[in-house]
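Visitor: I have a structure to look at and some questions about it. Can you take me through them?

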Amino acid sequence: MLTETMAATAAPAPAHAPDTAVRRRRSHRAAGGVVTVLVPAHNESAGITETLHSLNNQTHRPDRIIVVADNCTDDTEELALAQGAEVIRTVGNKDKKAGALNFALSELLPDADPEDLVLVQDADSQLALNFIENATKNLLADELLGAVGGVFSGGPGGGFVGHLQRNEYARYARDVKRLHGKCLVVTGTAALFRVKTLRDVVAARLEGTLPPGNGKGGVYDTSVLTEDNELSFALLTLGYRIASPSNCTLVTEVMPTWRELWSQRLRWKRGAVENCVQYGWTKVTRPYWGRQFLSMIGVVVTLAYFGSLLFALFSGMGLNLQPFWITVTGIFILERIVTVRFRGWRYMLLAATMYETVIDIFLQAVHAKAYLDAAFNRKKVW
């Protein structure tokens with residue numbers, strides 16, 4: 001529980017760690033103040049070195065890099081120290097990533113200057129080398145901008161399912177660019193905040209303006225499946241804007257198997273639905289409710305489409321080509337081709353074969369499961 005987590009202390013440096021391992025970076029100050037990076041990590045030894053390498057080589061170097069080692073049983077801490085990061089360790093935290101971040105922020109925020117900046121990023125994501133420089137410029141240019149997130153692309157690996165996710169992320173990047181950085185959610189892959197903005201969130205949770213979260217003024221709501229989605233709602237409710245500028249890019253890992261992709265997307269989808277329920281029908285949430293409604297319509301249409309095909313085939317009626325549906329299909333194929341253009345012409349040609357239908361159907365099944373789980377209040381699984 002968080003009460004146990006709050007008892008955590010900075011992890012001592014192992015005897016074999018180099019002297020520079022625990023040295024705090026204070027040699028550089030950002031235009032808006034000290035930049036501190038928090039990297040929550042649970043057994044991230046496979047990628048933590050590469051992640052910290054991308055932070056250490058930023059064109060605008062952060063002043064502090066803190067790895068929040070959450071219930072790690074591998075050598076994540078040692079690898080982080082070897083890269084010059086500070087490490088703090090949670091003890092008995094049962095609130096996953098949100099609990100680990102709340103612990104770190106509860107130590108960081110009280111002593112920070114209101115204009116200091118905090119970057120929260122996943123341990124399995126690598127920032128473009130100018131990410132912090134560009135994110136800082138964007139944040140400082142707009143006083144009402146509550147958070148600047150990243151536009152992510154998919155990392156290597158994962159075979160066919162990894163390939164499909166990379167196409168999906170390329171389409172997401174295209175959408176964000178077309179909307180000039182306007183986004184619905186500042187994702188947990190990487191997001192930059194002002195200290196004073198995060199303090200506003202804490203105050204609003206304690207005052208009851210926002211959902212209470214952990215009830216102790218934690219920035220992140222530990223009761224939800226998608227803490228980044230909830231924090232986006234919180235910022236918008238407080239009157240801030242959020243953005244994911246196209247010049248703030250990063251690479252994040254893809255799920256290597258269909259099973260892991262199912263679990264990830266089920267959590268994302270159910271979390272998004274429950275965040276809407278949590279905030280109710282407001283000016284802020286209406287667009288999100290609209291997307292949920294369209295997603296539900298999509299699930300029904302998909303079921304009706306394939307149900308009608310199966311009925312026609314097994315009832316002996318056979319399939320008949322109709323000009324209207326041929327036209328609709330042509331438009332859909334064109335959309336698949338155009339929206340993946342960020343990946344190049346080879347991928348555009350391949351998209352014309354409609355081979356990606358498999359992940360479309362897969363995601364529709366995930367959506368249906370998420371709606372049922374939320375409706376029947378089934379046990380949440382991270």
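Visitor: Is Phe-152 buried or exposed?
Guide: This is a predicted model, so the values are computed from it. Buried means under 20% relative accessible area. Phe-152 has a relative accessibility of 9%, so Phe-152 counts as buried.

Visitor: Which kind of aromatic pair do Phe-152 and Tyr-169 form?
Guide: Two values describe a pair of aromatic rings: the distance of the centres and the angle of the planes. For Phe-152 and Tyr-169 the centres are 4.9 Å apart and the planes make 90 degrees. Planes over 60 degrees apart count as edge-to-face. The pair of Phe-152 and Tyr-169 is therefore edge-to-face.

Visitor: How many residues apart are Phe-152 and Tyr-169, and where does each one lie?
Guide: The pair links distant parts of the chain. Phe-152 is in strand 7 (residues 151-154) and Tyr-169 is in helix 6. Their separation is 17 residues.

Visitor: Which residues do ring pairs link into a cluster with Phe-152?
Guide: Tyr-169 is one of them, and Tyr-169 is buried at a relative accessible area of 4%. With Phe-152, the cluster holds Tyr-169 and Tyr-172.

Visitor: What span should helix 6 have?
Guide: Helix 6 covers residues 159-178, which is 20 residues. The rule is 1.5 Å times one less than the number of residues.

Visitor: Which residue just after helix 6 takes a positive phi?
Guide: Look just past the end of that helix. The phi there is about 55 degrees, and the residue is His-180.

Visitor: Is Thr-36 buried or exposed?
Guide: Thr-36 is found in strand 1 (residues 35-41). Beyond its neighbours within four places in sequence, its contacts include Arg-64, Leu-108 and Val-118. At 4% relative accessibility, Thr-36 counts as buried.

Visitor: Where does UniProt place the feature "transmembrane region"?
Guide: The record is an unreviewed entry. In the model, residues 293-314 are 100% helix, and residues 320-338 are 84% helix. UniProt places the feature at residues 293-314 and 320-338.

Notes: Residues are numbered from 1 along each chain as its sequence is written. This is a predicted model: local features need pLDDT of at least 70, side-chain atom pairs count only at pLDDT 80 or more; totals for chains, interfaces and linings use all residues. Side-chain values use heavy atoms; hydrogens and water are left out. UniProt positions are given in the numbering used here, feature names are shortened, and annotations may be inferred rather than shown by experiment. Helices (H or I, at least four residues) and strands (E, at least two) are DSSP runs, numbered from the N terminus. Buried means under 20% relative accessible area, exposed over 50%, partly exposed in between (1.4 Å probe, protein chains only). Contact means heavy atoms within 4.5 Å. Rings of Phe, Tyr and Trp (its six-membered ring) pair if their centres lie within 6.5 Å; planes under 30 degrees apart count as stacked, over 60 as edge-to-face and the rest as tilted.
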